[in-house]
Number of protein chains: 2
Amino acid sequence: MAYDGQLLKGTVSIMVLKLLTENDRYGYQIIRELEKRSESVFLLNEGALYPVLHKLETDEQISSYWEESGGRKRKYYHITPKGTELFESKRQEWADFAGMVSKILKEFRRGQLCTST
Amino acid sequence: MAYDGQLLKGTVSIMVLKLLTENDRYGYQIIRELEKRSESVFLLNEGALYPVLHKLETDEQISSYWEESGGRKRKYYHITPKGTELFESKRQEWADFAGMVSKILKEFRRGQLCTST
DNA sequence: TTGACATACATAAGAATCTTATGTATAATG
DNA sequence: CATTATACATAAGATTCTTATGTATGTCAA
């Protein structure tokens with residue numbers, strides 16, 4: 001992981017759900033896709049992803065099915081209506097949270113003009 | 001905590017360092033200040049903050065001194081040059097990380113116009 | 001003056017989620 | 001035929017949060 005691993009906590013499942021809102025995908029594919037989209041910033045390892053997928057499935061936010069493609073058996077995941085709903089609220093939560101952290105990190109800098117928003 | 005506690009991981013020490021770049025502060029004061037600035041979104045509890053302060057001190061990013069004020073003994077923390085330096089890089093790291101997560105969560109939405117930035 | 005509450009420090013047990021390591025198996029590639 | 005990539009999985013360990021608990025002092029109202 002290019003970034004302090006702690007920052008990642010809680011965001012993996014949100015990003016996984018995001019990818020699954022677009023298409024059904026299998027685990028290994030999710031890792032490669034996140035790597036690609038983040039320009040190799042998020043180098044998720046399998047030991048991190050698979051437990052997250054299993055937990056999301058237990059929570060019925062995603063479901064799975066095995067499919068053979070490209071001569072390989074792959075476990076595809078599909079987002080459920082519950083997962084879609086939770087994703088939307090988690091996305092909002094992330095936006096609010098990240099906005100608040102950024103605000104605090106910027107606030108009250110000496111010599112900086114503060115304009116109302 | 002109003003938000004999924006996992007999102008907080010890794011951000012507490014950055015926000016603490018931020019407050020200490022402004023003024024020396026004591027622990028209890030940091031909790032109240034974060035609560036106030038975040039509009040009660042970040043309700044840090046003492047069990048979370050004190051270990052973070054102790055670790056930052058062990059890492060020599062902050063130093064401490066006891067002072068009596070308002071009839072009470074308070075342990076004040078002061079950011080060191082090392083802490084200031086690390087804060088600046090962590091702030092940048094946070095901005096990059098948060099920007100990347102937000103980008104991924106927004107990306108490729110169906111029916112959405114994508115404009116170059 | 002006494003009991004409740006806020007202030008102020010601290011630590012310990014437990015939960016969640018990551019890293020690193022390990023294991024199994026198959027396909028592709030040189 | 002050996003190495004690498006693909007593809008699944010789990011376990012041990014680290015970190016950092018929550019919740020609970022403990023100690024002590026100051027303030028304020030009944």
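Predicted model: local features only at pLDDT ≥ 70, side-chain atom pairs only at ≥ 80, totals over all residues.
A:Glu39 sits in the loop between α3 and α4 of chain A, where helices (H or I, at least four residues) and strands (E, at least two) are DSSP runs numbered from the N terminus. Its phi is near 55°, a positive value in a residue other than glycine.

Residues are numbered from 1 along each chain as its sequence is written, while chains are lettered from A and ligands numbered from 1 in the order in which they are written.

- B:Glu60 lies in the loop between α4 and β2 (62-69) of chain B.
- Here too there is a positive phi in a residue other than glycine, with a value near 60°.
- B:Glu60 counts as exposed because it has 12 C-beta neighbours inside 10 Å.

**Chain A as a whole**

- Chain A holds five helices and three strands, and from the N terminus on they follow the order α-α-β-α-α-β-β-α.
- Of its 117 residues, 30% count as buried.
- Take the contacts in chain A between residues at least 6 apart in sequence: 51% of them join residues at least 24 apart. Two residues are in contact if their C-beta atoms, placed from the backbone, lie within 7 Å.

**A:Gly27 and A:Tyr77**

- A:Gly27 belongs to helix α3 (residues 27-37) of chain A, and A:Tyr77 to strand β3 of chain A.
- What makes A:Gly27 buried? There are 20 other C-beta atoms within 10 Å of A:Gly27.
- A:Tyr77 is buried as well, because it has 24 C-beta neighbours inside 10 Å.
- A:Tyr77 and A:Arg37 are 40 residues apart along the chain, and 19 Å separates their C-alpha atoms.
- Beyond its neighbours within four places in sequence, A:Gly27 is in contact with A:Leu49, A:Tyr50, A:Leu53 and A:Lys75.
- Not counting residues up to four places away, A:Tyr77 touches A:Leu20, A:Asp24, A:Arg25, A:Tyr26, A:Leu53, A:Ile62 and A:Ser64.

**Where the two chains meet**

- How many residues does each chain bring to the contact? Chain A gives 26 residues and chain B gives 26 residues.
- On the side of chain B that touches chain A, the elements giving two or more residues are α1 (5-8), α2 (12-22) and α5 (81-106) of chain B. Of these, α5(B) gives the most, with 10 residues.
- That side of chain B divides into 13 nonpolar, five polar and eight charged residues. Here Ala, Val, Leu, Ile, Met, Phe, Trp, Tyr, Cys and Pro count as nonpolar, Asp, Glu, Lys and Arg as charged, and the others, Gly among them, as polar.
- Helix α2(B) is mostly covered, with eight of its 11 residues buried; B:Met15, B:Val16 and B:Leu17 are among them.

**Helix α2(A) against α5(B)**

- Helix α2 (residues 12-22) of chain A packs with α5(B) at an angle of about 25°, and their axes are 9 Å apart.
- The two helices are therefore roughly parallel to each other, a label for angles under 35 degrees, whereas those over 145 are roughly antiparallel, 65 to 115 roughly perpendicular and the rest oblique.
- A:Ile14, A:Met15 and A:Lys18 in α2(A) meet B:Val101, B:Ile104 and B:Leu105 in α5(B). By class, this contact has five nonpolar, no polar and one charged residues.

**Around the DNA**

- Which residues are closest to DNA strand C? Of the 28 residues that surround it, the closest are A:Gly47, B:Tyr26, B:Gly27, B:Tyr28 and B:Gly47. A residue is near a strand if its C-beta atom, placed from the backbone, lies within 6 Å of it.
- The surface near DNA strand C takes two or more residues from each of α1 (5-8) and α4 (46-58) of chain A, and of α3 (27-37), α4 (46-58) and β3 (72-79) of chain B.
- DNA strand D is surrounded by 28 residues, with A:Tyr26, A:Gly27, A:Tyr28, A:Gly47 and B:Gly47 the closest.
- The surface near DNA strand D has nine nonpolar, 11 polar and eight charged residues.

Conventions: Axes fitted to C-alpha atoms, helices over the stretch in contact; angles between N-to-C directions.
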